[in-house]
Amino acid sequence: MQRTRVLVADDESQLRRTIRRILEGHSCVVREAETGRAAIDEFIRFKPDVMLLDLVLPDMSGIDVCRDIRRTYHEPIIVLSVVGEEAMKIAALDAGADDYVTKPFGSGELLARIRVALRRGATDRHQEPIITADGLRIDLEHHRVHVDEREIHLTPTEFKLLRYLATNAGRLLTHSMILASVWGAANSQDTHILRTYMNQLRGKLGEGGGARRWILTEPGLGYRFIEATTLTPLGSE
């Protein structure tokens with residue numbers, strides 16, 4: 001079995017060693033970089049399956065590194081940040097990062113984020129799947145949604161919103177990312193319309209109170225569709 005290749009870009013040598021020890025203990029191949037320029041060069045040479053990228057590097061920001069890599073490559077990028085860097089996290093996610101982990105983090109959290117990123121990266125985006133998650137069934141081809149076999153009637157915009165969230169399951173989507181995708185770039189700052197439609201969608205799905213939740217709120221950042229999602233190609237059932 002091919003071992004997962006991980007590039008760790010951070011200027012803290014002790015943290016890089018800790019991450020290397022964790023990942024190599026789970027059969028990963030790890031490369032390191034301590035500057036932004038080195039991270040970009042190593043990414044091109046190493047071609048990692050996933051990159052762990054610090055937001056603050058000595059020569060350039062992690063946001064610029066992410067933006068540079070995203071011009072050509074689509075492999076998952078997980079941002080490493082500290083408390084208080086919410087604005088930078090949002091900028092990195094908008095620049096193409098897939099997720100973030102806040103320092104200090106445990107090995108379990110780090111490994112879980114990597115697993116989710118790798119699963120998402122391996123998904124065939126060209127298939128029209130049926131997405132199922134804890135009693136929720138979304139038929140993307142026929143625009144039909146069921147909760148426990150009960151059909152839920154959504155408006156076209158509500159369905160488009162749910163589709164965008166569900167096809168990016170496990171990924172943190174910022175407010176501006178969702179708005180630009182569902183309503184267009186001209187509306188990327190209209191958080192009021194997003195909150196309104198999100199409340200409508202959650203209400204129709206029956207979220208709230210002690211009910212199941214498929215859409216998780218990341219305070220101050222955006223939303224995340226639950227990770228326990230399976231994608232089934234049409235015709236395979």
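Tyrosine 73 is partly exposed, having a relative accessible area of 22%. In this predicted model, phenylalanine 43 is buried, with a relative accessible area of 1%. The structure contains two aromatic pairs. In one of them, phenylalanine 43 and tyrosine 73 are 5.3 Å apart centre to centre, with an angle of 55° between the planes, and the pair is tilted. Because planes have to be under 30 degrees apart to count as stacked and over 60 to count as edge-to-face, the pair falls into the remaining class, with its angle of 55°.

Phenylalanine 43 belongs to helix α2 (residues 36–46), whereas tyrosine 73 is in the loop between α3 (62–70) and β4 (77–82); the pair therefore ties together parts that are 30 residues apart in sequence.

## The parallel sheet

Five strands make up an open sheet, with parallel pairing and the order β2-β1-β3-β4-β5. The edges are taken by β2 (29–33) and β5, each of which has a single partner strand, so one side of each is left without a neighbour in the sheet. From one strand to the next, the twist averages 20°.

The strands β4 and β5 run parallel and are joined by five bridges. Serine 81 is opposite threonine 102 in β5. Helix α2 packs on the sheet, where α2 touches β1 (5–9), β2 and β3. The direction of α2 makes about 170° with that of β1.

## Helix α8 and its two faces

Helix α8 covers residues 191–205. At 1.5 Å a residue, its 15 residues should span 21 Å, and the end C-alpha atoms are 21 Å apart, which agrees. The buried residues in α8 are Leu194, Met198, Leu201, Arg202 and Leu205. Viewed down the helix axis, the buried residues of α8 fall within an arc of 95°, so they line one face of the helix. An α-helix has 3.6 residues a turn, so residues three or four places apart point the same way.

The exposed residues His192, Asn199 and Gly203 are carried on the face of α8 turned away from its buried side. The buried residues of α8 pack against the strands β7 (136–139), β8, β11 (215–218) and β12 (222–225), and also against the helices α6 (156–166) and α7 (175–183). Just after α8 comes glycine 206, which has a positive phi of about 90°.

## Backbone features in loops

Most residues other than glycine have a negative phi, and most peptide bonds are trans.

Lysine 47 sits in the loop between α2 and β3 (50–54) and is partly exposed, with a relative accessible area of 48%. Glutamate 149 is placed in the loop between β8 (144–147) and β9 (150–152), and glutamate 149 is exposed, with a relative accessible area of 74%. Proline 104 is located in the loop between β5 (99–103) and α5 (107–122).

How values were computed: Residues are numbered from 1 along each chain as its sequence is written. This is a predicted model: local features need pLDDT of at least 70, side-chain atom pairs count only at pLDDT 80 or more; totals for chains, interfaces and linings use all residues. Side-chain values use heavy atoms; hydrogens and water are left out. Rings of Phe, Tyr and Trp (its six-membered ring) pair if their centres lie within 6.5 Å; planes under 30 degrees apart count as stacked, over 60 as edge-to-face and the rest as tilted. Helices (H or I, at least four residues) and strands (E, at least two) are DSSP runs, numbered from the N terminus. Buried means under 20% relative accessible area, exposed over 50%, partly exposed in between (1.4 Å probe, protein chains only). The expected span of a helix is 1.5 Å times one less than its number of residues. The arc is that of the directions from the helix axis to the C-beta atoms. Contact means heavy atoms within 4.5 Å. Two strands pair if DSSP finds at least two bridges between them. Axes are lines fitted to C-alpha atoms, for helices over the stretch in contact, and angles run from 0 to 180 degrees between N-to-C directions.
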